[in-house]
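Please read them with the structure open.

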Amino acid sequence: MGDLKLFRIDNGAAVELQGTALALEKPLQALIEHNMEILFGVRLVASEHSTGKKHGGRIDSLGLDENGSPVIFEYKRSINENVINQGLFYLDWLLDHRAEFELLVMKKLGVEAAEQIDWTAPRLVCIASDFTRYDEHAIAQINRSIELVRYRDYDSAFLTLDLVASTSAAATAAGTDEQGKPATRPSQSKTVTQLHEQAAEDLRNLYDALETYLVSLGDDVTKTTRQLYYAFRRIKNFACVEIHPQSKKLLVYLKTDPESVVLEPGFTRDVTKIGHFGTGNLEVTISSKQDLERAQPLMAASYQAS
């Protein structure tokens, strides 16, 4: 993504604001942690978490995202600091101490949140004033879910976040149990992958067209496979997709305000107060290519808002 320019309009004249890095890392960390759910769709679990005497480290921030994935945040003020290697060091520790993280989640967010943790693709979010092209190349070689987020501070009045690069690991080696099976919570429901395989060819083709459109919205779009849905996100989720072979339809949940949409029975529905998998308050039912075309402006709006 290109550099973001921010302007103040003063009596009709545009004045560019110069973004800077914060003088210290701690104010940035405190700001992110206080607003983590709004900025990243992640609930804070722990701050400055010690990894013990043997490991000898301290994780800046630990969180749980809207898909149930554990998230490590590491902050660096300078472009020259190797935040990626440090974050990977902590990510390996986390994958080896799942029970400790689950206990932290249980104490902070409750039993239900702890039971819904998905270990298939833990995330590392590196936040810095900037990154080099070598950083972007490095994460592309690593089978981990890593995001490089560049920030700019504008006179302590504005904060911008720019997703510079991201990689997604469908399943890490540590995302399995002792027998090598996926480390997901038991469920009587079929997984989205199983439902995808069982779907008729027409529905699979419709899903392919949907995925193609969602990914085409920007080069910062990442797809992750959850137990019961596919999640598409930038910094936060903007579309969650369920596949329903029996009814031959796709359900897409978007972060588009239902009150801003003229709801159409059988096509769009306000699910703000209705439980469902994934995230988003607007449910869109896609049963045909015509439905997909009608839904595209709604999906684009959700993408822009994420």
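1. In this predicted model, Arg-294 lies over the face of Phe-267, at 3.8 Å from the ring centre.

2. Six aromatic pairs are counted. In one of them, Phe-40 and Phe-73, the ring centres are 5.1 Å apart and the planes stand at 75 degrees, so the pair is edge-to-face. Together with Tyr-75 they make up one aromatic cluster.

3. Phe-89 and Tyr-90 also pair, in a tilted arrangement with 6.0 Å centre to centre and 50 degrees between the planes. Phe-89 counts as partly exposed because its relative accessibility is 43%. Tyr-90, at 6%, is buried.

4. The open sheet has six strands in the order β3-β4-β5-β6-β7-β8, with mixed pairing. Its edges are β3 (42-50) and β8 (158-167), each of which pairs on one side only. From one strand to the next, the twist averages 25 degrees.

5. Strands β6 (residues 123-128) and β7 (residues 145-154) run parallel and are joined by six bridges. Val-125 has Glu-147 in β7 as its bridge partner.

6. Two helices deserve a look against the sheet. Helix α5 (residues 98-109) packs on it, touching β3, β4 (58-65) and β5 (70-76), and its direction makes about 125 degrees with that of β3. Helix α7 (residues 133-140) lies across β7 and β8, at about 45 degrees to β8.

How values were computed:
Residues are numbered from 1 along each chain as its sequence is written. This is a predicted model: local features need pLDDT of at least 70, side-chain atom pairs count only at pLDDT 80 or more; totals for chains, interfaces and linings use all residues. Side-chain values use heavy atoms; hydrogens and water are left out. Two strands pair if DSSP finds at least two bridges between them. Helices (H or I, at least four residues) and strands (E, at least two) are DSSP runs, numbered from the N terminus. Axes are lines fitted to C-alpha atoms, for helices over the stretch in contact, and angles run from 0 to 180 degrees between N-to-C directions. Contact means heavy atoms within 4.5 Å. Rings of Phe, Tyr and Trp (its six-membered ring) pair if their centres lie within 6.5 Å; planes under 30 degrees apart count as stacked, over 60 as edge-to-face and the rest as tilted. Buried means under 20% relative accessible area, exposed over 50%, partly exposed in between (1.4 Å probe, protein chains only). A charge sits over a ring if NZ of Lys or CZ of Arg is within 6 Å of the ring centre and within 35 degrees of the ring normal.
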